[in-house]
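Please look over the structure shown below before reading the notes that follow, which are arranged by topic.

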Amino acid sequence: GCHNRRRKNSIAFFHPYCHDGGGGERVLWCAVKALQELYPDVDYYIYNGDDPSIVTPERILTRVRNHFGFNLHRPVNFVFLNRRNLVEDKQYPRFTLLGQSLGSMGLAWEALSKLAPDVVIDSMGYAFTYPVFAWLGGCTVLSYVHYPTISTDMLSMVFEQRASYNNQQQISRSRLRSLAKFCYYKAFAALYSFVGRRSQCVMVNSTWTFNHINRLWRIVARTLIVYPPCNTSRLQQIPLDTDGRMPWIVSIGQFRPEKDHRLQIDSFDEFLRAHPHRRGSVRLKLVGSSRNDEDAARVQALRDRVNELGLTDDVDFCVNVSFDELLQLYGQATVGVHTMWNEHFGIGVVEFMAAGVIVVAHNSGGPASDIVVDHHGHRTGFLATTPAEYAARFAEVFRLDASERRKIQDAARAHVAKFSDEKFASAFKGAVEPVLRQALHA
């Protein structure tokens, strides 16, 4: 019944959180700008779930200009949705994945009832909306997937009964509950595969995501890697000289459980124990944003851990620092540490490398498959998994002489040039053009 509200010659982005300022929003606005260059006479719409009386279109576009530095070629139209709460995880304390996924179908129905475009581009990974848009709305669906809603790693983790941040310890202790959760995940994965295949063009942000999405959706012919845009131009200007740098190990990221700050503290502890002469000179700085009470509680737990290990004088917590302070830290740090398991891309790792900070990243996900890889045969950084490995890598970096460090910095900076806004725009246009050409002139 939505075809009567069909807006001819229109493309809508399904991005209910378009006012946020993260990497996902950088992809959205970079993609809008690229399409405006490719198809100047098409009307562009964004489905957004904010309250328009508070978050006005002007406010959103001002933020796009100031936060991301983008000037769109032409104005875009916003379609405001009232039911964004349908996709919020706090609505579904149990069966969160299923709840959010079915909720997204309700939100897609509301979106269609307000506007049925020719093309919908899902830039947040809400795969369960695809059948709604394709079958009920008659739209052509394209998608940019940052990470799979469910991954084969999640399945194997439940199967092997390991505890992680989304697999609470009591579930991993009981065989029966683990089996039940495994069956739930298995059924969910089958549904996820079914809905994902309704997309006509799937872009993913890394080799890691590509492999996972292929295992689940199995539409290799129309799945492509399009690296996300990373704004590194300011960081690329930081001088690489090692004289001005301090013996600091710096970690930058939100204080969220999956970032695994505890592994950083334990690794640093192990490093100082193995190299006691470094104590008093080498410092660990945990830099991050704390968004709410839960984050604040996590910061406190990390401080307690630092106390317990007797590292209070060696570790600094830098919470909610300004952008200028952040730039200063990028110019002063020697080592950048990243400990998140299976991060889908790893924009923070790219930023360290652009700034000349030698990175020690987790040996998994995007950092291992795409980012901390050799550049023309030269090392661009280090990978580790356990506290002992991280400690050994830290020691290795501090042992390098200035010319060895400089080689790694040069290779790393050259390598991450491939994650620029410009590279993203041309890859994105190349991926969507064949599908859009047909959809818009059908």
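## Briefing on the predicted model

The axes of helix H10 (residues 261–274) and helix H11 (residues 293–308) approach to within 10 Å and cross at roughly 15 degrees, which makes H10 roughly parallel to H11.

**Helix pair H10 and H11**

- The crossing of H10 and H11 is right-handed, and the contact is made by His261, Arg262, Ile265 and Asp266 on the H10 side and by Leu302, Arg305 and Val306 on the H11 side.
- Sorted by class, the contact of H10 with H11 comprises 3 nonpolar, 1 polar and 3 charged residues.

**Helix pair H13 and H16**

- Helix H13 (residues 347–355) and helix H16 (residues 402–415) have axes that come within 7 Å and cross at roughly 125 degrees, and that angle makes H13 oblique to H16.
- The crossing of H13 and H16 is left-handed, with Met353, Ala354 and Ala355 of H13 meeting Ala412, Arg413 and His415 of H16 in the contact.
- By class, the contact of H13 with H16 has 4 nonpolar, 1 polar and 1 charged residues.
- Within H13, the buried residues include Met353, Ala354 and Ala355, which also belong to the contact with H16; Val349, Val350 and Phe352 of H13 are buried as well.
- Just after H13, Gly356 adopts a positive phi of about 85 degrees.

- Strand E8 (residues 248–252) is mostly covered, with 4 of its 5 residues buried.
- On one side, E8 pairs with strand E9 (residues 283–288) in the parallel sense over 5 bridges, and within this pairing Trp248 has Arg283 of E9 as its bridge partner.
- E8 also pairs in the parallel sense with strand E11 (residues 335–337), over 2 bridges, and here the bridge partner of Ile249 is Val335 of E11.

**The open sheet of 7 strands**

- The other open sheet is built from 7 strands in the order E3-E2-E1-E4-E5-E6-E7, again with parallel pairing.
- Its edge strands are strand E3 (77–80) and strand E7 (223–225), each pairing on one side only, and neighbouring strands are turned against each other by 25 degrees on average when direction is ignored.
- Strand E4 (residues 116–122) and strand E5 (residues 140–145) pair in the parallel sense over 4 bridges, and Val119 stands opposite Thr140 of E5.
- Helix H2 (residues 57–68) packs on this sheet, where it touches strand E2 (43–48) and E3, and its direction makes about 125 degrees with that of E3.
- Helix H17 (residues 421–440) also packs on the sheet, touching strand E1 (6–14), E4, E5, strand E6 (201–204) and E7, and its direction makes about 165 degrees with that of E5.

**Positive phi in residues other than glycine**

- As background, most residues other than glycine have a negative phi.
- Asn9, which lies in strand E1, has a phi near 55 degrees, a positive value in a residue other than glycine.
- Is Asn9 buried or partly exposed? Asn9 has a relative accessible area of 29% and is therefore partly exposed.
- Arg218 has a positive phi of about 50 degrees although it is not a glycine, and Arg218 is located in the loop between helix H8 (207–217) and E7.
- With a relative accessible area of 54%, Arg218 is exposed, because the cut-off for that class is over 50%.

How values were computed
Residues numbered from 1 in each chain as written. Predicted model: local features only at pLDDT ≥ 70, side-chain atom pairs only at ≥ 80, totals over all residues. Heavy atoms only, no water. Axes fitted to C-alpha atoms, helices over the stretch in contact; angles between N-to-C directions. Parallel < 35°, antiparallel > 145°, perpendicular 65-115°, else oblique. Left-handed = near helix turned anticlockwise from the far one by under 90°. Contact = heavy atoms within 4.5 Å. Nonpolar A, V, L, I, M, F, W, Y, C, P; charged D, E, K, R; others polar. Buried < 20%, exposed > 50% of the residue type's maximum accessible area, 1.4 Å probe, protein only. Pairing = 2+ DSSP bridges.
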